[in-house]
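Let's take a walk through this one, starting with how the strands line up and then moving on to the packing. Keep the structure open while you read.

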Amino acid sequence: VQLVESGGGLVQPGGSLQLSCTGSGFTFSDYAIGWFRQAPGKERERVLCSSSDDETYWDDSKKGRFTISRDNAENTVFLQMTDLKPDDTAIYYCARRYFCSSPTSLDWGQGTQVTVSS
């Protein structure tokens with residue numbers, strides 16, 4: 001099983017980024033994929049999760065600026081982030097889960113750095 005994140009980078013406040021999480025080694029459509037982030041000196045936190053039936057779960061406060069979607073044909077889940085703020089600076093990770101409500105994740109990607117700065 002492998003999860004690979006991509007799409008991170010440096011963006012100015014108010015800008016947008018789209019992160020991708022591409023999975024391999026498992027039947028992608030059978031699993032939930034969650035996005036997490038960890039800022040320096042802070043605990044890892046949940047962002048959004050895409051269930052196997054393409055429902056969105058977790059942090060409602062982020063749904064206004066962040067959108068999660070999935071393309072099972074491409075084994076990829078996307079995290080579209082808009083109106084980015086310096087507080088969004090973090091390493092973003094995706095994780096495979098049985099369900100978005102599962103207590104733990106099965107596998108993790110290596111992470112992609114997002115830096116929001118002028």
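## How the strands pair

This is a predicted model, so take what follows as a reading of that prediction. Start with E3 and E8: the two strands run antiparallel and are joined by six bridges. If you want landmarks along this pair, Gln18 sits opposite Gln80 in E8, and Ser20 faces Phe78 in E8.

E3 also has E1 as a partner. Those two are antiparallel as well, with five bridges between them, and here you can find Gln2 across from Ser24 in E3. In general, strands of a sheet pair through backbone hydrogen bonds, in either a parallel or an antiparallel way.

## The nonpolar cores

Now for the packing. The largest nonpolar core has 24 residues, and the members that touch the most others are Ile33, Trp35, Phe66, Leu79, Met81 and Tyr92. Seven strands are listed as giving two or more residues to this core, namely E3 (17-24), E4 (32-38), E5 (45-50), E7 (66-71), E8 (76-81), E9 (90-97) and E11 (112-116). Apart from this core lies another one of six residues, including Ala32, Phe36, Cys49 and Trp58.

Setting aside neighbours within four places in sequence, Met81 is in contact with Gly15, Ser16, Leu17, Leu19, Arg65, Phe66, Tyr92 and Val114. As a general rule, nonpolar side chains in soluble globular proteins tend to be buried together.

## Arg96, tucked inside

Is Arg96 buried or exposed? Arg96, which lies in strand E9, has a relative accessible area of 9%, so it counts as buried, the cut-off being under 20%. What does its side chain make a polar contact with? The partner is the side chain of Asp107, at 2.6 Å.

Beyond its neighbours within four places in sequence, Arg96 is in contact with Val1, Leu3, Phe26, Tyr31, Ala32, Ile33, Ser105, Leu106 and Asp107. Take Val1 from that list: Arg96 and Val1 are 95 residues apart in sequence, yet their C-alpha atoms are 9.4 Å apart in space.

Notes: Residues are numbered from 1 along each chain as its sequence is written. This is a predicted model: local features need pLDDT of at least 70, side-chain atom pairs count only at pLDDT 80 or more; totals for chains, interfaces and linings use all residues. Side-chain values use heavy atoms; hydrogens and water are left out. A nonpolar core is a set of buried Ala, Val, Leu, Ile, Met, Phe, Trp, Tyr and Cys residues joined through side-chain atoms within 4.5 Å. Buried means under 20% relative accessible area, exposed over 50%, partly exposed in between (1.4 Å probe, protein chains only). Helices (H or I, at least four residues) and strands (E, at least two) are DSSP runs, numbered from the N terminus. Contact means heavy atoms within 4.5 Å. Two strands pair if DSSP finds at least two bridges between them. A polar contact is a pair of N or O atoms within 3.5 Å; within protein, one must be able to donate a hydrogen and the other to accept it, and residues adjacent in sequence count only if both atoms are side-chain atoms.
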